[in-house]
Amino acid sequence: MAWVYLIIAGCFEITWAVGMKYTEGFTRLWPSIWTALAMIVSLWCLAIALRTIPIGTGYAVWTGIGAAGTAIMGMVLFDESSDLMRLLSIAFIVAGIVGLKLSS
């Protein structure tokens with residue numbers, strides 16, 4: 001169950017990272033509120049997951065999900081570059097996440 005919480009935490013990390021773009025520096029009320037709520041849920045789920053998952057593994061997976069997911073969402077939502085080197089870099093992050101899961 002801890003891994004489910006960790007994946008949820010990572011998804012909410014993507015949500016708040018993307019939400020930061022929509023807050024326009026926290027000058028827009030509702031995007032700012034949704035972003036802050038996503039931050040709280042992300043950290044809460046991470047804390048629950050870290051009860052049983054080692055801190056090094058949990059934190060690395062959480063940030064990896066956030067980094068890879070946010071990069072992908074940037075490509076989808078904001079027309080950011082999707083060149084080969086960027087995609088390979090994301091693939092390496094995902095491979096690292098899978099490696100950490102398999103070694104835990």
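Trainee: Where does UniProt place the feature "transmembrane region"?

Mentor: The unreviewed UniProt entry puts it at residues 33–52, 59–78 and 84–102. UniProt positions follow the numbering used here, feature names are shortened, and annotations may be inferred rather than shown by experiment. Before we go on: this is a predicted model, where local features need pLDDT of at least 70, side-chain atom pairs count only at pLDDT 80 or more, and totals for chains, interfaces and linings use all residues. Residues are numbered from 1 along each chain as its sequence is written, and side-chain values use heavy atoms, with hydrogens and water left out.

Trainee: How do you know what the chain is over residues 59–78, helix or strand?

Mentor: Helices are DSSP runs of H or I with at least four residues, strands are runs of E with at least two, and both are numbered from the N terminus. Residues 59–78 come out as 100% helix and 0% strand, with the end C-alpha atoms 27 Å apart. For residues 33–52 the figures are 85% helix and 0% strand, and 30 Å between the end C-alpha atoms.

Trainee: What makes a set of residues the largest nonpolar core, and which of its members touch the most others?

Mentor: A nonpolar core is a set of buried Ala, Val, Leu, Ile, Met, Phe, Trp, Tyr and Cys residues joined through side-chain atoms within 4.5 Å. Buried means under 20% relative accessible area, exposed means over 50%, and partly exposed is in between (1.4 Å probe, protein chains only). This core has 13 residues, and L6, A9, L46, I53, V61, W62 and I65 touch the most other members. Helix 1 (2–23), helix 2 and helix 3 (55–78) each give two or more residues to this core. Helix 1 supplies the largest share, five residues.

Trainee: Which residues is L6 in contact with, leaving aside its neighbours within four places in sequence?

Mentor: Contact means heavy atoms within 4.5 Å. By that test L6 is in contact with L46, A49, I53, G58, V61, W62 and I65.

Trainee: Why is the pair E80 and R86 called a salt bridge?

Mentor: The term asks for a side-chain nitrogen of Lys or Arg within 4 Å of a carboxyl oxygen of Asp or Glu. The closest N and O atoms of E80 and R86 are 2.9 Å apart, so the pair qualifies. The structure holds one salt bridge. E80, at 35% relative accessible area, is partly exposed, and R86 is partly exposed at 27%.

Trainee: Is D79 buried or exposed?

Mentor: D79 has a relative accessible area of 71%, which is over the 50% cut-off, so D79 counts as exposed. D79 sits in the loop between helix 3 and helix 4 (84–103).

Trainee: What is the phi of D79?

Mentor: Positive, about 55°, although D79 is not a glycine. Most residues other than glycine have a negative phi. F26 also has a positive phi, near 60°, and lies in the loop between helix 1 and helix 2. F26 counts as partly exposed, at 45% relative accessibility.
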